[in-house]
Amino acid sequence: MAKTFIFCEFNNGKIKKGSLELLTAAKAAGAEITALLIGPGSTEAAPEAGHYGASATFVCDSESLKNYNPMAWSKVVSQTIKNSGCTVFLATSSMTAKDLFPRVAAQLETGIASDCTDLEFNGDTPIAKKPLYAGKCKAQVNFANSPIQMILMRPNQLPIGEPDTGGHCEIKTLSAPEIDDRLKITDVKKGNTDKVDLTEANVIVSGGRGMKDADNFKLLDELAETLEATVGASRAVADAGWVPHSMQVGQTGKTVAPSLYIACGISGAIQHLAGMSGSKVIVAINQDKDAPIFAKSNYGIVGDLFEVVPKLNEELKSVLN
Amino acid sequence: MRIFVCVKQVPDTETKIKINSDGNGIDESSIKWIVNPYDEFAIEEALKLKESAGEIRVTAISIGPKKRVTDALRTAMAMGADDGIVIDSEDSLDPYLTAKALSEALKKEDSCDFIFTGKLAIDDNASSVSQYLAEFMGIPHVTVVSSFKGSGGSYTAEREVEGGTKEVYSISGPAVIAANKGLNTPRYASLPGIMKAKKKPLKELTLGDLGLSGADSKVTFSNFELPPEKPPVKFIEGEPAEQAKELVKLLREEAKVL
Ligand SMILES: Cc1cc2nc3c(=O)[nH]c(=O)nc-3n(C[C@H](O)[C@H](O)[C@H](O)COP(=O)(O)OP(=O)(O)OC[C@H]3O[C@@H](n4cnc5c(N)ncnc54)[C@H](O)[C@@H]3O)c2cc1C
């Protein structure tokens, strides 16, 4: 049985879905699982790791770790991973994980693969795949000279199992590392949205140059409200300053994989497709029937988005409520 | 003060990817190579720092097949970098080995105050080299940086995370800064800049000079596959209200995503 170490992220006392996916996958493979949670509230969230398969869970529950800091976090994480004797490490490919774990991999002199989309186990060995060249192809990840195979998985890729509250999971408390004077976090500026991030969203409504100006994004905000969706945009729109860069989808923006992606007034340039072609179902609304976006779409509406989007919103409201 | 900028050559974003006959890589024969877009933000930020404070030497550094990556270094020098270092290697070094080689090369230099990189390279999308490199250099890192300010020994960097939230870091001393889009607007190389770049010094190293070999990679890729073909799009006809109704029906009953 491969010893597997899983870094679990949590929010409001609950372990995030992405981490539950990984616990489920490792448990199904028969792994002996050690989990780790960092930050205030980790003690409260820790037992859930046990319910999904961890036999031991470490927590580092300190107010001083309220904000992420790669220097402080990497120290405690590396040491704990090393002491666990694991040969496989899994975490969600979140903004924190993508920043932190390559540094941890350096400390452990091992290899890491981020942003993977497929994970299976062949006996003890995890087999991961990841998209390359902005999703234009995919390849299997192979490790060499790596005492620990570190894999960061995109969320929403794997099933989540049923919790089992019967088993025993030992919870162990770690002491907080000292903060390195050379790098300190001084502030966290909350974004202007409390919506799910594009990279985690299940439904995305996206606007392009066809929206004509910044104000018209109201239309998409309303549609998103009805669908509980997050709003995205093309680069043309982000560059024009109609929306912040953080909303850009594509090769030089966010890579997204929702169940439903609705593209409004987006032509479907290859760099845009690169960021969203992993979506399960794609809908395009565009007045040009030859727009390349249609070639990647499941459903297409050729028409004026200013007429179609409000009607779509009305229809959804009446059907979903 | 000495600043280094790490640059990588990647296939142009327009490139159609073809898989090799053995399935273990891509066909590179007809690829047009460009400087990784995020590295352009890194170059620009280094040049801005140079312009804001005196006596700063900006050195661009790249690893890869010499002929290919020298183009990237000349681009950086045409934009304004003072000199370049090329580490010649066969292709496909993983992030670990890339960072190891970069760190060994940088340790040979007299000093190193900042290292600018792109937040990721758009080919392998690893977003790992900057952090590996920082650890190997024994200095802090901040990635996905969309604002960088400061002077003397004290700097502030803003890192963009989920939902447009920004973490603000204060940094003292050398660090690796990995640039995100929005950090700045990269300048174009001017014609005189391009002419001058041809004469700027370029130091050449090999992996062997750094005590490393291609076999030190820790992650490789195999079994390449193209995405499955999408079935043809289903166009929905009619007046907007009818189209909306039909679409919602299809999304609920056929696609089952609502
Ligand atoms: C290195 C590089 C990186 C890039 N990275 C990205 C990236 O990450 N993301 C990205 O998106 N782009 C990226 N681009 C830019 C990309 O090439 C396109 O320029 C961009 O995606 C176009 O945005 P758009 O579709 O909104 O605009 P356009 O291409 O102008 O398309 C607008 C569309 O709106 C339609 N339209 C207009 N009015 C209406 C209406 N009333 N109703 C319905 N439809 C209407 C038009 O028919 C048209 O198809 C990159 C480019 C380069 C060179």
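A salt bridge is a side-chain nitrogen of Lys or Arg within 4 Å of a carboxyl oxygen of Asp or Glu. The legends below describe a predicted model.

**View 1. Salt bridge between Arg187(B) and Glu51(B).** The closest N and O atoms of Arg187(B) and Glu51(B) are 2.7 Å apart. Arg187(B) sits in the loop between β10 and α5 of chain B, while Glu51(B) belongs to helix α1 (residues 37-52) of that chain, so the pair ties together parts that are 136 residues apart in sequence. Arg187(B) has a relative accessible area of 26% and is partly exposed. Glu51(B), with 55%, is exposed, because exposed means over 50% relative accessible area.

**View 2. Salt bridge between Asp239(A) and Lys181(B).** The two side chains meet with an N to O distance of 3.0 Å. Asp239(A) is in helix α6 (residues 235-239) of chain A, and Lys181(B) is in the loop between β10 (175-179) and α5 (191-197) of chain B, so this pair joins two chains.

**View 3. Salt bridge between Lys138(A) and Asp118(A).** Here the closest N and O atoms are 2.9 Å apart. Lys138(A) lies in strand β10 (residues 137-143) and Asp118(A) in strand β8 (residues 118-122), both of chain A, so the pair ties together parts that are 20 residues apart in sequence. Lys138(A) is partly exposed, its relative accessible area being 24%. Asp118(A) is also partly exposed, at 25% relative accessibility.

**View 4. Network of salt bridges in chain B.** The linked residues are Arg2(B), Glu109(B), Asp110(B) and Lys203(B). Over all chains, a search of the whole structure finds 30 salt bridges.

**View 5. Negative surface patch on chain A.** Asp221(A), Glu222(A), Glu225(A) and Glu228(A) form the patch. Where in chain A is Glu228(A) placed? Glu228(A) is in the loop between α5 (217-227) and β15 (230-233). Its relative accessibility is 72%, so Glu228(A) counts as exposed.

**View 6. Ile19(B) and Phe224(B).** These two residues are 205 residues apart in sequence, yet their C-alpha atoms are 6.7 Å apart in space. Ile19(B) is found in the loop between β2 (9-11) and β3 (33-35) of chain B. With a relative accessibility of 25%, Ile19(B) counts as partly exposed.

**View 7. Chain A as a whole, for orientation.** Chain A contains 8 helices and 18 strands. The radius of gyration of chain A is 21 Å, close to the 20 Å given by the globule rule for 321 residues, so chain A is as compact as a globular protein of that length. Its C-alpha trace spans about 60 × 45 × 40 Å along the principal axes. Of the 321 residues of chain A, 58% count as buried.

Conventions
Residues are numbered from 1 along each chain as its sequence is written. Chains are lettered from A and ligands numbered from 1 in the order in which they are written. This is a predicted model: local features need pLDDT of at least 70, side-chain atom pairs count only at pLDDT 80 or more; totals for chains, interfaces and linings use all residues. Side-chain values use heavy atoms; hydrogens and water are left out. Patches are made of residues with over 30% relative accessible area and no salt bridge: like charges are joined within 9 Å, nonpolar side chains (Val, Leu, Ile, Met, Phe, Trp, Tyr) within 5 Å. Accessible areas come from the Shrake-Rupley method with a 1.4 Å probe; for residues, only the protein chains shown count as cover. Lys and Arg count as positive and Asp and Glu as negative; His and the chain ends are not counted. The place of a charge is taken as NZ of Lys, CZ of Arg, CG of Asp or CD of Glu. Helices (H or I, at least four residues) and strands (E, at least two) are DSSP runs, numbered from the N terminus. Buried means under 20% relative accessible area, exposed over 50%, partly exposed in between (1.4 Å probe, protein chains only). The radius of gyration is taken over C-alpha atoms; the globule rule is 2.2 Å times the number of residues to the power 0.38.
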